[in-house]
Amino acid sequence: MPKHIVHAGLHKTGSSAVQLALKKAGTSRGHTCFLPIEGIGQSDQEWRRRFDALASTSCGILSDENLLGSPFDCYSLADRRIKALREAMGGRSVLIVVYIRPQPQWLQSLYLQGIQEGRYESPDEFMEQMSGRPNLRWANLADVVAKNFKTADLDIRAYNSRDAVSDFFSSQALALPSHITHSGPRINQSVAPIQGTILRELIGDPDLDAAEKIRIRRVFQGILASGAIAGFSSFKKPHQEAMRDLLVEDFTNLETSGLMSTRMLEIYGQM
């Protein structure tokens with residue numbers, strides 16, 4: 001197993017739960033962990049400093065879903081960041097782990113996350129912004145990594161909300177302490193799609209202060225989401241169909257590339 005592990009997300013694939021588990025697990029197997037720190041900068045210089053810190057260890061794990069950039073522009077900084085990582089590692093052995101989920105699910109979850117963070121664009125506006133992004137095709141994003149590192153240095157895995165933590169720990173041969181639950185904690189709870197429009201209108205009220213917006217968001221996250229109607233989408237039917245067409249194309253490309261494991265093929269093939 002490579003001495004250094006870089007877990008690059010993606011967003012909305014259980015990264016927060018993995019990071020909390022890594023923090024609780026400590027460094028029992030000698031790994032030095034580099035996790036997100038609130039308020040830390042996202043500049044190229046700051047990322048290079050973090051990459052250099054990882055490279056200086058004999059056995060390190062860096063986990064941060066912001067490594068490839070923002071999900072809202074579909075990781076436009078991925079190529080630049082991966083090149084900086086390669087340069088900092090200087091030929092040291094490193095495995096880059098990326099979790100993906102089918103685009104219809106991912107885009108829905110990301111849109112709702114954006115609402116919770118105070119983004120007010122409509123579903124149509126959101127889809128117009130995202131649909132032309134090349135890295136929305138996970139096969140393209142994998143190519144960005146693979147052209148800077150060997151294919152053997154890339155582990156693309158399918159996100160499953162039931163076992164995000166245990167899958168990461170077991171796949172990287174890391175011990176998962178008994179005091180950490182098998183499936184990991186439920187972190188960053190999203191509102192339900194059917195409630196997204198309502199929440200968007202409520203927290204978009206200019207008369208509400210920041211504390212009131214946070215309180216409303218938490219009510220939706222912690223109470224209302226659990227009883228919401230299932231099977232609803234924020235997006236209109238043409239957008240849903242376009243996402244499924246993209247999913248089929250991406251599935252084919254990933255399967256052809258040989259980057260997908262049997263387990264991934266099973267999960268992706270169910271969509």
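This is a predicted model: local features need pLDDT of at least 70, side-chain atom pairs count only at pLDDT 80 or more; totals for chains, interfaces and linings use all residues.
K12 counts as buried, because its relative accessibility is 13%, where buried means under 20% relative accessible area, exposed over 50%, and partly exposed in between, with a 1.4 Å probe and protein chains only. This residue is in the loop between β1 and α1 (15–25). Helices and strands here are DSSP runs, numbered from the N terminus: helices are H or I with at least four residues, and strands are E with at least two. K12 has a positive phi of about 65°, although it is not a glycine. Most residues other than glycine have a negative phi, and most peptide bonds are trans.

Residues are numbered from 1 along each chain as its sequence is written, and side-chain values use heavy atoms, with hydrogens and water left out.

Let me turn to the chain as a whole. It contains 11 helices and five strands, and 49% of its 271 residues count as buried. Its accessible surface comes to about 13,100 Å², with 51% belonging to carbon and sulfur atoms; these areas come from the Shrake-Rupley method with a 1.4 Å probe, and for residues only the protein chains shown count as cover. Contact means heavy atoms within 4.5 Å. Among contacts in the chain with a separation of 6 or more, 76% are between residues 24 or more positions apart.

I now come to the strands. Two strands pair if DSSP finds at least two bridges between them. Which strands pair with β3 (residues 60–63)? β1 (residues 4–7) pairs with β3 in the parallel sense over three bridges, and three bridges also join β2 to β3, again in parallel. Within these pairings, S63 of β3 is the bridge partner of H7, and G60 of β3 is the bridge partner of T32. In β3, G60 and L62 point one way while I61 and S63 point the other, and all are buried.

β1 also pairs with β4, in the parallel sense and over four bridges, with I96 of β4 as the bridge partner of V6. β4 in turn is joined by five bridges to β5 (residues 154–158), and the two run parallel; there, L154 of β5 is the bridge partner of I96. β4 (residues 94–100) is largely enclosed by the rest of the structure, because seven of its seven residues are buried. V94, I96, V98 and I100 lie on one side and L95, V97 and Y99 on the other. In a regular strand the side chains alternate between the two faces of the sheet.

Next, the helices. β2, α2 and β3 make a right-handed β-α-β unit: with the strands pointing away from the viewer, the path from the first strand over the helix to the second runs clockwise. The buried residues of α2 are E46, W47, R50, F51, L54 and A55, and what covers them includes β1, β2, β3 and α3 (78–89). In the loop between β2 (32–34) and α2 (44–55) sits L35, which is buried at 19% relative accessibility. Leaving aside neighbours within four places in sequence, L35 is in contact with Q19, L22, K23, R50 and S63.

Is α7 (residues 164–171) mostly covered or mostly open? It is mostly covered, with six of its eight residues buried. Just after this helix comes A173, with a positive phi of about 55°. A173 counts as partly exposed, because its relative accessibility is 44%.

Finally, the nonpolar cores. A nonpolar core is a set of buried Ala, Val, Leu, Ile, Met, Phe, Trp, Tyr and Cys residues joined through side-chain atoms within 4.5 Å. The largest has 49 residues, of which L67, L68, I96, W106, L107 and F126 touch the most other members. F126 touches F72, L107, L110, Y111, E121 and F235, not counting residues up to four places away in sequence. A second, separate core of 15 residues includes I61, V165, F168 and L174. In soluble globular proteins, nonpolar side chains tend to be buried together.
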